[in-house]
Amino acid sequence: HLTAATALFGTLIDERTNADTRTWRTRRAWSGVSLANNLREQSRYEDSLQYAASGLRMFVELDDAYGRAQCWLLFGFCLRLLRQFDVAWNCLSHAHGIAAASENSFDRVVAYCLVQMGEVRRCQGKTDEAREILDSAYERAEQLDLHVAKAFANSAIAAGEFQENELD
């Protein structure tokens, strides 16, 4: 359905040569990002990255900071799962910077960025830094009532403690 929606929105954009197509372009970009998220959930990370890149190009054209932050977060998430930790960190840092900018303040994106950034540091064996980031992610998720982010942060904290052989 998302593939069809993306194609249909593209057709609607092409047919309206003299009209304002911002709404259709925005819908097309979000359809592509939704598809990228679905592909990530199916462990199809390379395919997800392609759709996220397409979405990013559209959000840059639309000057949509929230969409750009979501794409960079998705890049970082997929790259972490592909074990490309340094590149994932850079993408997540970029997403966090966009989301936390004073003119934006996309709190939900910040919380999810922090979870992923903590996971990257944990996977790199930087457990002290990971713990700081994950504690911050947990607190932010708790403030925003983001149960999924809170659960992932808590799980990552426990994984870090296991790595440190702190089994209590």
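The structure is a predicted model, in which local features need pLDDT of at least 70 and side-chain atom pairs count only at pLDDT 80 or more, while totals for chains, interfaces and linings use all residues. Residues are numbered from 1 along each chain as its sequence is written, and side-chain values use heavy atoms, with hydrogens and water left out.

Helix α7 spans residues 127–144. Helix α8 covers residues 147–163. Helices are DSSP runs (H or I, at least four residues), numbered from the N terminus. The two pack at an angle of about 160°, with their axes 9 Å apart. α7 and α8 are therefore roughly antiparallel (angles over 145 degrees, on a scale from 0 to 180 between N-to-C directions). Contributors from α7 include Thr-127, Leu-134 and Tyr-138. α8 contributes, among others, Ala-153, Ile-157 and Gly-160. Contact means heavy atoms within 4.5 Å.

Thr-127 lies in α7. At 11% relative accessibility, Thr-127 counts as buried (under 20% relative accessible area, 1.4 Å probe, protein chains only). Its side chain makes a polar contact with the side chain of Glu-164 at 2.5 Å. Such a contact is a pair of N or O atoms within 3.5 Å; within protein, one must be able to donate a hydrogen and the other to accept it, and residues adjacent in sequence count only if both atoms are side-chain atoms. Beyond four places in sequence, Thr-127 also contacts Arg-121, Gly-160 and Gln-163.

Gln-116 belongs to helix α6 (residues 107–123). Gln-116 is buried, at 7% relative accessibility. The side chains of Gln-116 and Arg-80 form a polar contact of 2.7 Å. Leaving out residues up to four places away in sequence, Gln-116 touches Leu-73, Phe-77, Arg-80 and Leu-92.

How values were computed
Buried means under 20% relative accessible area, exposed over 50%, partly exposed in between (1.4 Å probe, protein chains only). Angles under 35 degrees count as roughly parallel, over 145 as roughly antiparallel, 65 to 115 as roughly perpendicular and the rest as oblique.
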